[in-house]
Amino acid sequence: MDHVTPMLATLADKAFDSSNFIYEIKWDGYRAIAEWENKQLKFYSRNGLSFAEKFPSIAQALQNIKHDLVLDGEIVLLNSKGHPDFQQLQHYEDEQEPNLVYYVFDLLFLDQKNVQHLPLIQRKELLKELLYVANNPVLKYSDHIVGEGKKMFKAAVAKNLEGIMAKKADSLYRTGIRSREWLKIKNQKSREAIIVGYTKPRNSRKYFGALIMAQYVNGALQYMGHTGTGFNEKTLKDLWEKMQLLVTKQSPFTKTVKVNMPVTWIKPKLVCQVSFTEETNDGLLRHPVFQGLRDDKSTNEVIKENEEPQTVDVMKEIIPTADLLLKIGSKSIQLSNLSKIFWPKEGFTKGDVIEYYKKIAPYLLPYLKNRPLSLKRNPNGIIDDGFYQKDAGENAPSWIKKIDIHSASNNKTIHYIMCNDLTSLLYIANLGCIEMNPWFSTANKIDKPDYMVIDIDPSANNTFDQVIETALMVKSILDSAGAESYCKTSGATGLHIFVPMGGKYEYEQVKQFAHVIATLTNEQLPNTTTLIRSLSKRADNKIYIDYLQNRRGQTLACAYSLRPKPGAPVSTPLLWKEVKPGLNPLHFTIDSIHKRIEKTGDLFAPVLAKGIDLKKCLDKLM
């Protein structure tokens with residue numbers, strides 16, 4: 001890549017006050033990076049499209065700066081009221097140049113020195129001085145206020161601006177990362193859409209009636225509505241001429257969309273921006289209004305955002321980016337490397353992991369308490385496989401509970417950590433343990449598991465709908481045995497089905513019952529499932545029904561555990577009515593899980609209850 005990919009912000013649900021944040025105007029224009037080095041200028045969009053020729057007045061102003069630098073900002077065209085006007089920016093012409101401004105809000109390099117590691121507030125101080133010396137009206141410093149987000153947002157609403165930005169004052173600049181240390185708080189709802197067709201005009205309307213819009217969902221184009229407002233005769237004509245070069249007979253959708261007039265389809269090459277009142281759960285925009293084309297955006301960027309807006313409470317309590325000595329009662333934990341990126345694409349950090357476990361602890365701890373843990377450590381985040389650690393080691397604090405268990409395989413005693421409280425949980429998370437892997441049994445009944453698990457493990461060639469089909473077959477067989485069962489996402493590509501055992505049976509008895517269930521399931525679904533564990537020996541397109549998890553010492557990610565997978569998914573308990581085609585495990589993430597639990601409570605609590613009568617269940621199956 002020969003261009004800088006800018007740092008991105010996360011959507012927040014409302015304005016808030018915090019002394020740790022600065023607040024800026026959210027400019028409504030084209031995001032632009034400027035590189036001025038060795039008398040060579042590169043001025044481009046977030047995906048590398050050059051702006052230097054299109055906006056020569058800004059390019060010239062940048063070339064007059066007497067320092068090598070890299071800037072991040074927004075190209076804005078101000079209307080007669082001095083407010084950003086995105087629609088006018090679409091039809092920018094030379095005579096409008098006096099109203100064209102490059103609002104700069106960040107500095108990445110200065111005189112070939114990388115300053116991205118400096119706190120934001122220091123970078124902005126350098127930037128302000130730089131632009132003051134440059135003294136060019138086309139280059140403006142994007143100012144801020146400290147701490148008063150509600151006041152800033154109220155002013156933005158009064159002027160009908162797009163919204164505000166809230167940024168942690170000590171945040172570092174992380175290229176290509178969507179960070180939770182930068183937040184966007186919108187006054188007006190708007191987003192990008194791909195134009196895939198247009199309808200025939202009615203009455204006196206010329207050229208076309210409405211645009212058909214789409215976005216990508218799981219790699220396929222999904223209809224998101226149509227808009228016939230926001231145009232004048234010039235924009236109708238200009239857009240119609242562009243679309244004529246892309247006309248095709250093929251609809252991009254697998255299902256028929258409902259529109260009032262005949263449709264002409266076009267190849268999905270054009271991106272537009274629309275304002276709207278709300279977005280439905282199935283991705284349709286209500287009352288969309290065309291605002292203009294987005295030449296600076298590529299179609300592959302127009303993806304349905306599954307993330308929930310971040311709540312204010314989460315943002316105000318976010319773990320600091322620096323190292324931190326955390327005290328809980330009489331116990332202390334030295335938290336380290338909190339700003340280290342664990343999910344490069346999403347921008348989540350080690351601090352985000354610790355903050356997640358801090359908040360989820362009341363729901364998670366019952367599934368960890370008094371259980372030996374196998375520590376799966378990912379100190380570098382998800383970029384590698386990490387490693388397993390069973391023994392607590394010499395450096396574990398004295399207050400960490402441990403259990404000594406003899407390992408017959410290597411003839412030594414392993415000092416397993418147990419996680420019985422919040423302090424222990426945060427200590428383990430600080431080790432780089434993204435996921436939590438407890439034994440099925442507790443210390444007081446170490447040979448008798450509290451539950452049985454059927455792990456539905458697909459190959460790379462299986463669909464998730466096939467995983468769902470298998471899970472429902474397992475449930476059907478368990479229902480016929482009179483055994484209660486509970487399902488959760490694995491947090492990856494599979495599903496886990498739990499049956500409460502109540503600590504009444506030995507591991508071998510539980511494993512044999514799981515083998516019976518797995519065998520009966522395989523008999524019903526022989527074309528898509530297998531009991532062959534080895535990937536090299538099983539058919540390429542078959543789902544492994546793993547009953548061998550039910551052995552002493554085996555572990556798997558427990559309910560509400562994060563997983564070191566793209567998207568930061570959480571292993572999430574489900575209602576059985578949710579286990580149906582279309583279920584997407586990536587809907588349950590570090591961002592979305594808390595709102596879900598507020599609505600559902602802990603769906604998995606019965607797993608730790610009394611347990612089934614194993615003999616009666618086996619008798620019903622025989």
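Guide: Tyr30 and Phe55 are both buried, where buried means under 20% relative accessible area, exposed over 50% and partly exposed in between, with a 1.4 Å probe and protein chains only. The model is predicted, and local features need pLDDT of at least 70, side-chain atom pairs count only at pLDDT 80 or more, and totals for chains, interfaces and linings use all residues. Residues are numbered from 1 along each chain as its sequence is written, and side-chain values use heavy atoms, with hydrogens and water left out.

Rings of Phe, Tyr and Trp (its six-membered ring) pair if their centres lie within 6.5 Å; planes under 30 degrees apart count as stacked, over 60 as edge-to-face and the rest as tilted. The count by this rule is 26 aromatic pairs. One of them joins Phe16 and Tyr23 edge-to-face, with 6.0 Å centre to centre and 75 degrees between the planes. Phe16 is buried at 1% relative accessibility, and Tyr23 is buried at 0%. Tyr30 and Phe55 form a tilted pair, with 6.2 Å between centres and 50 degrees between planes. Tyr30 belongs to strand β3 and Phe55 to the loop between β4 and α1 (56-63), so the pair ties together parts that are 25 residues apart in sequence. Helices (H or I, at least four residues) and strands (E, at least two) are DSSP runs, numbered from the N terminus.

Now to the strand that holds Tyr30. β3 and β5 run antiparallel and are joined by 7 bridges; two strands pair if DSSP finds at least two bridges between them. Ala34 stands opposite Leu71 in β5. On the β6 side, the bridge partner of Leu71 is Leu107. β5 and β6 (residues 100-110) are also antiparallel, with 9 bridges between them. β5 spans residues 69-77 and is mostly covered, with 9 of its 9 residues buried. In a regular strand the side chains alternate between the two faces of the sheet.

The loop between β3 (30-37) and β4 (40-44) contains Asn38. Asn38 has a positive phi of about 50 degrees although it is not a glycine. Its relative accessible area is 52%, which counts as exposed. Asn370 is another non-glycine residue with a positive phi, about 65 degrees. Asn370 sits in the loop between α7 and β24 (372-373), and at 31% relative accessibility it is partly exposed.

Leu8, in strand β1 (residues 8-11), gives a further view of the chain. Leu8 is buried, with a relative accessible area of 15%. Its contacts, leaving aside neighbours within four places in sequence, are Arg31, Arg46, Ile177, Arg178, Ser179 and Trp182, contact meaning heavy atoms within 4.5 Å. Leu8 and Trp182 are 174 residues apart along the chain, and their C-alpha atoms are separated by 7.3 Å. Lys167 lies over the face of Trp182, at 4.0 Å from the ring centre; a charge sits over a ring if NZ of Lys or CZ of Arg is within 6 Å of the ring centre and within 35 degrees of the ring normal.

Asp457 has Tyr544 in β33 as its bridge partner.
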